Every structure is written in C-alpha cells, then in structure tokens.
Amino acid sequence: GKMKSILTGKNEKINLTGKTFALNKMNLTRYRDWWKVINVEHGLVFWATGAVTMVMLSLLSMATVYGNQELGSGLGFLFEEAKVIGIRTIPVIGAAFLVLAGVTLLSTQLSVFDAVCRIASENLVILNHKKFKVENLSRFYYLFLWLEIGLSIAIVMLGVAEPVQLVVIGAVLNGLSMLVYSILVLWMNLTSLPAQVRPGPARKLAMGAEISFFLVFAGKLFH
C-alpha cells in the first residue's frame, strides 16, 4: 500500500512485513526467473544508463570548460558550460542545457529526501511496531522530512554552503553508511536465507570486494 497523501488524504493498508514461500521446485524456478529480471533491470538502469550518463556529462564538461582557470569553485562551471554550448551551437540549446541541469539536480535531491525519509520511517515502525503504529507511517515520514529540511537549512546558515564541501561531507557519510550496510546485507543473506536462495560464490566475492573497499576508505579517513 501507499502512505497517506497530504493532498488526497486517502488511506491505504500498509504491510511492512515480508513473506516467504515454500521451497519447492516450482517456486524456486519462479524465484530464479524473477531474480534474472531484477538483475537485467538493475544492470540497465544503474550500470548501463548511469555509467553512460556520467561519462557523457564528464566528456561534455571536459570539451567545454576544462582548463578554464576563471571558474573557481561551486556550480559556476554549469553556467559557463551552458554559455559555451550556446556559443558553439545556438543560445536556446545552452539555455535548455541549464534548465535540464537544474531539473536534474532538483529531482535528484528530492529523490534523496524521499528515500531517506521513507527508509527512516519504515525502520522506526519495524523497530517497535507496538509503540510506532504502521497506521501512522505517513506522519513519521513527514516528520523525518521536515527534520531533514530543517537540518539542511541549519547547515547552510552555519556557513557550510560550498557545493564541493557539501559533496565531500556527503560522500564520507555515504561511504561509512555503505560499509555498515554491506556487512549487514551479506551477514543476513548468509544466515537468514535458506541455502537454496543464498548468494552464489561470484556474488559473495563481489560483496567481499565491496566491503574491503569501504574498509580501506574508512581506514584512510580515520588515519
């Protein structure tokens, strides 16, 4: 179900409890087919599309503003990039690039806000479903959302407004979070799942490499 909307006020039944299935041949076949679809979808969306987009944007930046010593720090390079694109093509294309860049940054931030608040509110209910009722999930969601917005405003008011500095702080926090998350995911997959659906050797090796990378990252950070 969906959380209660502040616009429509419509309530839907929400269930945060997972379900299991009988470990028979038919169900395992269905599970493996589903897992293949998930792998393809993630491969296309996160790996192929994400990688191509980042490479193309990086090449575009390199072709337009690389080596410009007057850019300084911050997001000024986006305005200069749009200016160069407009000069080399037509002005409307440069303006369109700037609009698309703004929409992309805004939508990305909104997605981050949504994901963090959704995860936090759901974990709060799962942690103590007797005290924090699932029927109040939307309230917890909007509470975390406003706390996150208030924290963001406080950070900017304290003078931490440099985009690069904020990106570095975010990257450090994300790296430490991913270290804890990766360890917990691997541990739960190896201890909580039946043997028939546990990750194979290749996936275990990939998870181990990921954990090792974040361990090195954390070690260098606190060295």
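Here is a short walk through this predicted model, one selection at a time. Local features need pLDDT of at least 70 and side-chain atom pairs count only at pLDDT 80 or more, while totals for chains, interfaces and linings use all residues. Numbering runs from 1 along each chain as its sequence is written, and side-chain values use heavy atoms, with hydrogens and water left out.

Start by selecting residues 91-127, helix α3 (helices are DSSP runs of H or I, at least four residues, numbered from the N terminus). Its 37 residues should span 54 Å at 1.5 Å a residue, and because the end C-alpha atoms are 54 Å apart, the two agree; the expected span is 1.5 Å times one less than the number of residues.

Now pick out the buried residues of α3: Gly94, Phe97, Ala101, Phe113, Cys117, Ser121, Leu124 and Val125 (buried is under 20% relative accessible area, exposed over 50%, partly exposed in between, with a 1.4 Å probe and protein chains only). They pack against α1 (25-64), α2 (76-88) and α4 (137-157).

Next stop, Val40 in helix α1. At 51% relative accessibility, Val40 counts as exposed.

Then go to the largest nonpolar core: Leu179, Leu186, Met207, Ile211, Phe214 and Ala218 (a core is a set of buried Ala, Val, Leu, Ile, Met, Phe, Trp, Tyr and Cys residues joined through side-chain atoms within 4.5 Å). Helices α5 (163-191) and α6 (201-222) each give two or more residues to this core, with the largest share, 4 residues, coming from α6.

Finish on Ile211. Leaving aside neighbours within four places in sequence, Ile211 is in contact (heavy atoms within 4.5 Å) with Leu179, Ser182, Ile183 and Leu186.
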